[in-house]
Amino acid sequence: MTQCVRVTAVKYLGGRRLEVVFADGLSRHLDFHTDWFGNIAQINRDDFLAQVSVDPIAQTLCWPKDIDLDPEVLHGDCEPATGAYFTVVCEFRAICN
């Protein structure tokens, strides 16, 4: 059985960048593009992107107005169905003892 991907923390880094931390120890710095459309087009605005948080139930990134993203896509396990809307700037894993 596969384990579900869970986001444990997010930090707005300024501009179009977020740091996303996953339960498996992976951290990714993501640079969000400005070509979002439809119900999630507000993510094109830096001030809205900065309002990101972790949904405590779905354990993924979320914004006001019920906007959230697929954690498997953020983690890199799946390709987005509608195109790439962010670029991975860097990623690293926490070292656990």
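## Salt bridge Arg93–Asp24

In this predicted model, Arg93 and Asp24 form a salt bridge whose closest N and O atoms are 3.4 Å apart. Arg93 belongs to strand E7 (residues 86–93) and Asp24 to the loop between E2 and E3, so the pair ties together parts that are 69 residues apart in sequence. A salt bridge here is a side-chain nitrogen of Lys or Arg within 4 Å of a carboxyl oxygen of Asp or Glu. Helices (H or I, at least four residues) and strands (E, at least two) are DSSP runs, numbered from the N terminus.

Both partners are partly exposed: Arg93 has a relative accessible area of 47%, and Asp24 has 43%. The classes are buried (under 20% relative accessible area), exposed (over 50%) and partly exposed (in between), with a 1.4 Å probe and protein chains only.

## Basis of the values

Residues are numbered from 1 along each chain as its sequence is written, and side-chain values use heavy atoms, with hydrogens and water left out. Local features need pLDDT of at least 70 and side-chain atom pairs count only at pLDDT 80 or more, while totals for chains, interfaces and linings use all residues.

## Salt bridge Glu91–Arg28

The whole structure holds 4 salt bridges. In one of them, Glu91 pairs with Arg28, with 2.7 Å between the closest N and O atoms. Glu91 lies in strand E7 and Arg28 in strand E3, so parts that are 63 residues apart in sequence are tied together by the pair. Arg28 counts as buried at 9% relative accessibility, whereas Glu91 is partly exposed at 45%.

Strand E3 covers residues 26–32. Leaving aside neighbours within four places in sequence, Arg28 is in contact (heavy atoms within 4.5 Å) with residues including Leu18, Phe22, Val73, His75, Val88 and Glu91.

## Salt bridge Arg16–Asp46

Arg16 forms a salt bridge with Asp46, and their closest N and O atoms are 2.8 Å apart. Arg16 is in the loop between E1 and strand E2 (17–22) and Asp46 is in helix H1 (residues 46–49), so this pair ties together parts that are 30 residues apart in sequence. Arg16 is buried, with a relative accessible area of 12%; Asp46 is partly exposed, at 34%.

## Val7 in strand E1

Val7 is part of strand E1 (residues 7–14) and is buried, with a relative accessible area of 2%. Not counting residues up to four places away in sequence, Val7 touches Val20, Val21, Phe22, Val54, Gln59, Thr60, Leu61 and Pro71. The C-alpha atoms of Val7 and Arg93 are separated by 14 Å, with the two residues 86 apart along the chain.
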